[in-house]
Amino acid sequence: MALWHIAENLGTITNPYSSCLFEREMWRTAGVLDQQITFEEFVEQELNFALAKDVKTDGDAINYIWELSVYYFLCHIITYTGKKDLSAKKNTLKNTILKYLKILLNNDKSSIKLKANWVDWQYKQMPYDEFVKKYPNYFGVHIVNKAFLEENKEADEYQYAKATPCHKSEWLDEHLQALKRFITKGECEDEHFTYIMYLLLSEPDLGFPRPPKEQTGCINENEIETVILVSRFAAYIDNKTEMYQSINNFLVDYFFWFLRHEHSARKELDTWNGVSGEIEESCCKQNRCGDLYTIIQSDKDFCAWIRLLKFFGQISLDDAVIFLRCFGQIYSPYGDANDSTFFTENCKGFFSKDVEFLKENPGYVFCMYWMIHYLTLENFKAIFLEESQIVAQDDYCKKNGVIPESKPTFYGDSLAKLQMLMFFVLFDLTSKYELGYYEKKFALAPLMKTIEKGIWNEKNSLLDIFHKLEEKAKAKKCPLQDFIEDFDGSEESVNSAIFLVFNMANFFRNGEQCLIRELDHISALKEKKLDIPSHENYMKDNSKGRISGDQRSEYENKQRLLNAIDCGFQVQNFMQKVPLYKNLFLSRNLNVKIFIASDSDIKADDDSYYRNQYKMLWDNKYAYCERNMTIHFASFSKINALFEQKNLPDLHAALYDLQKKGPDVKWLVLNNGEFKQIPELPYYKKVITECFEMINSFLLEKLEKKPKKFFGENDGPTIERDKLKKLSIPFWEKYKENSKFAELKDILNIMFCNSSLYKWHAESVNKKGEVQKKSYADYNADFWTVYRYEIAVYLIQVAIKLTIASV
């Protein structure tokens, strides 16, 4: 019964509802309800029950070793962490365990034979890519190909070499050799015994059995799990480097695994309910492509480790709280809505580690990245702000008891830490471009390799990752050359990095509104850094002589810079469904940019300025226009403007240009799952022509001097803009009820890329040029949904360029 009490109390410490995280509870010895004792005293007293046992059979001895081992491990942990010196008890337990081990192993009648070659197997393991290179035909054939097995016995032993990492540290090598000496010679030094016992009990391939189930009084499966959990923890407690590496690798591996399974219903780390089998096979012990080695095999075991580390005083409360919140094992006591406020101070303490520690432990950075989508922007920003200082009181403050404080400033390492967080933004984003489990795995494997090499946070590594994303997003026209570490360190630039990381990290789990929020930040950044006046304001000031030659030159330089920064990304086959036709589609190639001002010349005359804008809408889409329609639930303002009374000149010119040439589009009909190009829909051309002729007829009727042509040399207008504007009011009084102009408005929405979209998938072709999968468009959606990942890549590119830009 003694082990049952230990298992119960360890379960109390490590279960998700334990209060031990915040305070070390007092423990009660079984049967003595009025005596309060510490956990260490509890273990010491229970040990007396455990030692007082009769051992008569091999089954008794096996059970006894398992039972005493948990007390040995606990004495080792308690002594090492300084909670109480139980070294004498620990030594007694070691000698007793060794005594019965030697009886079992030296008994000729015993079936227990430990395998010394198990240690040799561990040294035959190699990284997955090296193994495949050496044995290219191993996977997929070894099960049925006996001849291959005979010729490649060493390759088959690779499957057994999975209990330790490929690359052995000096500490691990020393302990593995100690295990081999113990198996072959019966020798065991004190400093190696804990690790040896951990392996004997947790690795069945070594040959030490579990207690016989059929024997009365043997420990049960739950107690065996407790022994293995404590053995693993004890084996690493006195080597913090190895322990933290295993914790760190588990966190990164888990994210690597999680992203391959994530879908709309499972966006949180804890939604898999502790399922660990596939995690173990995927990363914990296989050293497969991209995986890092860790001895922690499930999120349940990880959280138990964290609670034990906190209980024995090895990590701070801040660290424990953030680790457990990421895996859904602790929440704000005030409800989910208050998670941000409740956890902000924990986040600040958690992320206060120095940059070198975080570089060596990217798992910590991942947890901070994961916490971002629980935080508000202000709370996230507070993590990077130094504590304000009390400053001298003036007379008012002294008289009224007011305590003044300095304005808080950002920590000096804020940009370095934000760049680290950006790595996991790019990690997340890379996975979103792939659909299948293995496609995601092999896309993310190079990023995992940068972690393994310790270069994951460096600028060149991040730029390499981002350039691949730019290529996928077709945003490589002006590739990014700088990164967050190149920001100047000013308050403005740190704020910019904070907004970028916060919005991008939130986007993956909180939706496309986060992209719009980043778009707003980029717009504010543009106004502050470039301050280019609108065309209307420029023309107004210029007409009054308020703009000097130097200012004009400055605006030209700023416009060129904006055009270079907001250079756009390409969309192949931008698909729109044609209203009122079930299976008719319009397709074109276009660029997506943020600002229509990026393609404008504020110095141009009104006719040229507005006419050029509408031409640009043929094969360009501007995200900020989409933003306005989304947040205001509005129709496209550029099209609405054409039908305003003052803008008849622009409508007239737009119809002339559409009639003469128009955008380069394909008309497609969808039948039996196949798209087929067909001639242009005549009706659209007809409506555009009729409306253009109505305007022409009206102008000929009203103008005193009848022009031969409305558009002359170089397609320029032959009638002054002011004359046309004066005729706008009588024109719309006559035609505002004309149904053709209502139809025209719908047509212009289509022609200017503003209607329901379909996500286009190009046909899949193999190396022989054979079509494996036909092209298709699979759903009706809005702009933010269809191109969300391309937009995310492009916003990162523009935000960084704008932050660094100097005029």
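1. Basis of the note. The model is predicted, so local features need pLDDT of at least 70 and side-chain atom pairs count only at pLDDT 80 or more, whereas totals for chains, interfaces and linings use all residues. Residues are numbered from 1 along each chain as its sequence is written, and side-chain values use heavy atoms, with hydrogens and water left out.

2. Salt bridges overall. The structure contains 34 salt bridges, a salt bridge being a side-chain nitrogen of Lys or Arg within 4 Å of a carboxyl oxygen of Asp or Glu. One network of salt bridges links Glu262, Asp428, Lys432 and Arg509.

3. Arginine 721 and aspartate 607. These side chains form a salt bridge with an N to O distance of 2.8 Å. Because arginine 721 belongs to helix H33 (residues 721-735) and aspartate 607 to helix H28 (residues 606-619), the pair ties together parts 114 residues apart in sequence. Helices here are DSSP runs (H or I, at least four residues), numbered from the N terminus. Arginine 721 is buried, at 11% relative accessible area, while aspartate 607 is partly exposed, at 22%. Buried means under 20% relative accessible area, exposed over 50%, and partly exposed in between (1.4 Å probe, protein chains only).

4. Aspartate 657 and arginine 611. A salt bridge joins aspartate 657 to arginine 611, with the closest N and O atoms 2.7 Å apart. Aspartate 657 lies in helix H31 (residues 648-660) and arginine 611 in helix H28, so this pair connects parts that are 46 residues apart in sequence. Both aspartate 657 and arginine 611 are buried.

5. Lysine 740 and glutamate 743. In this salt bridge the closest N and O atoms are 3.9 Å apart. Both residues lie in helix H34 (residues 739-751), three residues apart, or about one turn of the helix. Glutamate 743 is partly exposed, with a relative accessible area of 25%.

6. Negative surface patch. Glu170, Asp173, Glu174 and Glu191 form a negative surface patch. Patch residues have over 30% relative accessible area and no salt bridge, like charges being joined within 9 Å; the place of a charge is taken as CG of Asp or CD of Glu. Helix H9 (residues 170-185) supplies the largest share of the patch, three residues. Glutamate 170 is found in helix H9 and is exposed, with a relative accessible area of 70%.

Key
Helix = DSSP H or I, 4+ residues; strand = E, 2+ residues; numbered from the N terminus. Patch = residues over 30% accessible without salt bridge, like charges linked within 9 Å, V, L, I, M, F, W, Y side chains within 5 Å. Areas by Shrake-Rupley, 256 points an atom, 1.4 Å probe, with all protein chains shown as cover. Lys, Arg positive; Asp, Glu negative; His and termini not counted.
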